[in-house]
Amino acid sequence: MFKPFTLFVFNLNKTNVFIQAKYATSVLPQFSANKYAVERKKFGTVSPSDIDYFKTILSKERILTNEEDVLPYNIDWIKNCRGQSQVVLKPRTTEEVSKILHYCNNKRLAVCPQGGNTGLVGGSVPVFDEIILNLSLMNKIISLDEISGALVCEAGCILENLDNYVREHDLIMPLDLGAKGSCHIGGNISTNAGGLRLLRYGNLHGSVLGIEAVKADGTVIDCLRTLKKDNTGYPLKHIFIGCEGTLGVITKVSIHCPAQPRSVSLGYFGVEKFENVLKLYKSAKSSLGEILSAFEMADNESITSTVNNLKLSNPIGHYPMYVLVESHGSDEKHDSEKLNRFLSEGMETGLILDGTVTSEPNKMKAIWNIRESIAGSGLIDGYVFKYDVSLPLRNYYDLVEDLRKKLGDRVTRVYGYGHVGDGNIHINVTVPQYSKEINSELEPYIFEQVSKLKGSISAEHGVGFRKPQFIHYSQGDTSLQLMRDLKRTMDPNGILNPYKVLPDVASHE
Ligand SMILES: O=C(O)CC[C@@H](O)C(=O)O
Ligand SMILES: [Zn+2]
């Protein structure tokens with residue numbers, strides 16, 4: 001039976017348990033209700049005979065059909081989107097993924113590939129009743145070359161587990177993000193996740209050495225090399241990096257792990273205004289040079305949200321802006337000389353008003369925890385409108401101030417924080433409950449402003465199903481057409497993660 005898509009908004013009570021659900025909207029904004037119903041009919045609905053077939057591939061306990069068991073896989077972690085899937089499949093091998101997709105493609109059954117389900121744009125949960133293909137059991141580490149740093153593993157490995165593993169071999173993972181304890185490396189790669197240290201270690205297009213992925217028809221594409229250099233034909237692995245599961249399901253990855261830094265320090269500073277944050281960034285680049293591993297900012301509202309809502313303690317007083325500066329180096333003496341120069345310059349010029357610098361792992365963890373908790377802290381206010389944009393640094397913070405003026409006390413908070421070193425700011429607007437009126441003031445306004453400044457409407461979280469109708473603010477017609485052509489070539493029946501990324505390519509006749 002056809003079940004309509006629901007974009008749910010859950011209100012959270014103070015203990016983080018959702019207590020009620022309200023519809024934000026009943027159809028995807030880019031489709032009229034009629035068009036949507038027509039689109040949806042292009043896919044089949046899972047029947048008992050399909051389940052019987054899946055039982056020939058997967059053992060019983062790896063097929064979830066009980067409504068209660070399936071529910072957590074249908075809802076994204078910010079409890080914003082809720083699909084209506086009837087079944088979760090948990091393959092253990094690439095061969096199983098291939099057989100499942102081959103079957104689904106023939107039967108026109110839509111599939112939503114899912115990793116740790118930590119995405120922020122609804123890309124990892126179904127829209128309707130797509131089959132959820134959850135990769136959590138594909139979590140084996142296959143090999144690690146300690147000399148080259150090439151790690152090969154399955155897509156369902158949790159990022160933090162991989163980091164712990166490679167650290168035993170004096171290496172680290174090249175990416176780190178707040179969701180590290182539950183996100184999967186396959187999900188990170190298929191969304192091209194950025195995170196906290198992109199400034200130092202670059203993005204995943206640079207770190208990923210190889211990929212094994214399964215196409216919609218079940219064909220296994222083996223690009224699982226461990227080479228740094230390989231100019232033989234089109235660089236296919238890049239097609240899967242950031243495709244959000246719409247062109248194929250990543251099953252194995254090979255990734256370059258840098259050496260574990262021997263000396264790490266973290267500074268947390270109070271700053272008077274955003275202009276000074278930029279000056280401090282310039283100074284950090286020149287004083288710290290190659291050891292600068294992260295330069296993050298959070299405004300006062302962001303820190304207040306975390307400290308008040310999550311009851312965390314802030315080791316420094318109240319300031320309009322906060323900055324985190326981290327160094328990864330190999331020589332403690334040399335690194336502290338650089339840090340001292342940065343600090344004394346910052347204090348002499350008044351750019352740093354107050355702060356703390358530490359190399360103690362527990363203290364660094366506590367400071368990072370404040371920064372990493374900002375993303376979830378707004379949920380306690382009720383509903384969070386989240387925007388993840390790239391902007392030229394000189395305009396980085398303007399939109400936050402602009403929105404504060406525009407929205408006034410009709411919202412609970414407007415706050416900005418993010419990865420200054422990457423020109424990527426997260427703007428969060430919180431309200432007690434979802435409001436259509438506020439939504440229409442924010443969108444497309446924010447995207448229009450970002451587009452005018454030649455920024456990106458999604459810096460690192462992807463497009464998912466929240467933003468396809470806005471993708472044109474960042475991509476031109478000819479680029480979009482090429483993306484559609486690529487989708488049609490890779491997935492002619494449109495079964496892979498339909499309604500995500502591209503507008504109007506849910507499926508094709
Ligand atoms: O939730 C957000 O808006 C941002 C999440 C994440 O990318 C972060 O940098 O903390
Ligand atoms: Zn971020």
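The shell around ligand 1 is made up of three nonpolar, four polar and three charged residues. The model described here is a predicted one.

**The shell around ligand 1**

- The residues around ligand 1 are Leu120, Arg371, Ala375, Lys386, Tyr417, His419, His426, Asn428, Glu460 and His461.
- Three elements, namely helix 13 (361-377), strand 17 (413-419) and strand 18 (424-431), each contribute at least two residues to this shell.

**Polar contacts and cover of ligand 1**

- His419 places a polar side-chain atom 3.1 Å from an oxygen atom of ligand 1.
- For Glu460, the distance from a polar side-chain atom to an oxygen atom of ligand 1 is 3.0 Å.
- In the side chain of Asn428, an N or O atom is 3.2 Å from an oxygen atom of ligand 1.
- Taken on its own, ligand 1 has 300 Å² of accessible area, and the protein covers 88% of that area.

**The zinc ion (ligand 2)**

- Which residues coordinate the zinc ion (ligand 2)? The donors are His419 through NE2, His426 through NE2 and Glu460 through OE, at 1.9 to 2.1 Å.
- Along the sequence, these donor residues follow the spacing H-x6-H-x33-E.
- His426 belongs to strand 18, whereas Glu460 sits in the loop between helix 16 (445-452) and helix 17 (477-490), so this pair ties together parts that are 34 residues apart in sequence.
- Is His426 buried or exposed? His426 has a relative accessible area of 5% and is therefore buried, the cut-off for this class being under 20%.
- Glu460, with a relative accessible area of 12%, is also buried because its value falls under 20%.
- His419, His426 and Glu460 are donors to the zinc ion, and these residues are also listed among those around ligand 1.

- In general, the strands of a sheet pair through backbone hydrogen bonds, in either a parallel or an antiparallel sense.
- Strand 5 pairs with strand 6 (residues 131-134) in the parallel sense, over four bridges.
- Opposite Gln114 stands Asn134, a residue of strand 6.

Note on methods. Residues numbered from 1 in each chain as written. Chains lettered and ligands numbered in written order. Predicted model: local features only at pLDDT ≥ 70, side-chain atom pairs only at ≥ 80, totals over all residues. Heavy atoms only, no water. Near = heavy atom within 4 Å. Polar contact = N/O pair within 3.5 Å; in protein donor to acceptor, adjacent residues only side chain to side chain. Areas by Shrake-Rupley, 256 points an atom, 1.4 Å probe, with all protein chains shown as cover. Nonpolar A, V, L, I, M, F, W, Y, C, P; charged D, E, K, R; others polar. Donors = N, O, S within 2.8 Å, 3.2 Å for Na, K, Ca; no water. Buried < 20%, exposed > 50% of the residue type's maximum accessible area, 1.4 Å probe, protein only. Pairing = 2+ DSSP bridges.
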